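Welcome, and thanks for taking a look at this one. Please open the structure below and keep it at hand while you read the briefing.

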Amino acid sequence: MENNNKPVVHLISKPENMLKTIYTACRTCYSADTPYEIYNSTDDEEKMLKLIERVVSSGHYSTIEHIQVTFAISNVSRACTHQLVRHRHMSFSQKSQRYVKEKGQFDYLIPPTIARNEDLKAKFENFMGEISKLYCEFTEAGIPAEDARAVLPNAASTSIVASLNLRELIHIANLRLCTRAQYEIRCMVKAMCDELIAQEPWLKAYLVPKCERLGYCDEDKSCGRMPVRTK
């Protein structure tokens with residue numbers, strides 16, 4: 001059946017004390033104290049944030065790679081996850097179209113640009129129905145799901161567990177929150193960022209489109225939100 005809802009994203013794992021962990025990594029590089037001594041030396045959030053901002057803004061991103069977060073993501077299309085899995089330094093576990101056999105009409109996502117046009121939306125839904133019938137015909141004839149899946153479209157709904165470090169999440173946010181990113185992955189990454197920011201509000205300044213961090217747009221085509229880089 002059709003499913004037009006936005007991506008469903010839950011943060012299911014993160015370090016207990018993210019801020020102190022990053023602070024410890026930053027201070028260790030410049031201190032004679034042991035990392036454990038540094039970890040237990042302060043709970044001053046303002047002090048920790050100032051050091052982290054200075055270190056990260058200087059390009060020392062290895063200090064934030066110690067933070068690993070895991071998201072449970074569902075109600076997204078295969079087209080969306082095909083984009084996500086291209087990112088490096090991530091781990092994925094995805095619903096398999098080889099081992100999970102579809103029964104009846106498979107779930108799918110309709111792009112908003114198509115859904116807004118009633119005539120095109122109807123054609124899209126009819127086509128999904130035809131694909132489902134063909135898929136079921138194949139599997140009922142004994143064709144393995146791993147071969148019958150060849151007819152399933154990019155619109156087919158899927159679910160995935162994604163783990164990544166904070167440096168990579170910031171990188172993904174900088175790229176995929178850009179208005180030039182495809183709509184569905186932009187919604188998904190925004191939901192990922194919102195989930196983490198809800199527990200770590202200090203990250204709000206980092207999990208933004210790259211133009212907000214750069215102060216200008218470096219894309220070939222700009223949405224006009226920020227001045228375009230001239231050189």
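Contact here means that heavy atoms lie within 4.5 Å. With that cut-off, and leaving aside its neighbours within four places in sequence, Thr-24 is in contact with Pro-35, Ile-38 and Tyr-39. Do bear in mind that this is a predicted model. The points below start with the whole chain and then turn to single elements and residues.

**Overall fold and shape**

- The protein chain contains 10 helices and 4 strands, and along the sequence they follow the pattern β-α-α-α-β-α-β-α-α-α-β-α-α-α.
- The radius of gyration of the protein chain is 22 Å, whereas a compact globule of 231 residues would have one near 17 Å.
- Taken along the principal axes, the box filled by the C-alpha atoms of the protein chain is roughly 70 × 40 × 25 Å.
- Among the contacts in the protein chain with a separation of 6 or more, 73% join residues 24 or more positions apart.

**Surface and charge**

- Of the 231 residues in the protein chain, 41% count as buried.
- The protein chain exposes about 13200 Å², and carbon and sulfur atoms supply 49% of that area.
- The side chains of the protein chain include 31 positive and 29 negative ones, and the centres of these two sets lie 5 Å apart.

**Helix 1 and Thr-24**

- Thr-24 has its place in helix 1, which spans residues 18-28.
- Why is helix 1 described as largely enclosed by the rest of the structure? The reason is that 8 of the 11 residues of helix 1 are buried.
- The buried residues of helix 1 are Met-18, Leu-19, Lys-20, Ile-22, Tyr-23, Thr-24, Ala-25 and Cys-26.
- Thr-24 counts as buried because its relative accessibility is 9%, and buried means under 20%.
- The cover over the buried residues of helix 1 includes helix 2 (35-39), helix 3 (45-57), strand 2, helix 8 and helix 9 (183-199).

**Helix 8**

- Helix 8, at residues 166-176, is mostly covered, with 8 of its 11 residues buried.
- Those buried residues of helix 8 are Leu-166, Glu-168, Leu-169, Ile-170, Ile-172, Ala-173, Asn-174 and Arg-176.
- The N-terminal end of helix 8 is capped by Asn-165, which places a side-chain oxygen 3.0 Å from the backbone nitrogen of Arg-167.

**Two residues with positive phi**

- Asn-75 is not a glycine, yet it has a positive phi of about 60°.
- Asn-75 lies in strand 2, residues 68-77, and is buried with a relative accessible area of 9%.
- His-89 is not a glycine either, and it has a positive phi of about 60°.
- His-89 lies in the loop between helix 4 (78-84) and strand 3 (90-94).
- Is His-89 buried or exposed? His-89 is exposed, because its relative accessible area is 62%.

**Glu-146**

- Glu-146 sits in helix 7, residues 145-148, and counts as partly exposed at 31% relative accessibility.
- Leaving aside its neighbours within four places in sequence, Glu-146 is in contact with Gln-97 and Arg-98.
- How far apart are Glu-146 and His-87 in space, C-alpha to C-alpha? Glu-146 and His-87 are 25 Å apart in space and 59 residues apart in sequence.

Terms used:
Residues numbered from 1 in each chain as written. Predicted model: local features only at pLDDT ≥ 70, side-chain atom pairs only at ≥ 80, totals over all residues. Heavy atoms only, no water. Rg over C-alpha atoms; globule rule 2.2 N^0.38 Å. Buried < 20%, exposed > 50% of the residue type's maximum accessible area, 1.4 Å probe, protein only. Areas by Shrake-Rupley, 256 points an atom, 1.4 Å probe, with all protein chains shown as cover. Lys, Arg positive; Asp, Glu negative; His and termini not counted. Charge placed at Lys NZ, Arg CZ, Asp CG, Glu CD. Polar contact = N/O pair within 3.5 Å; in protein donor to acceptor, adjacent residues only side chain to side chain.
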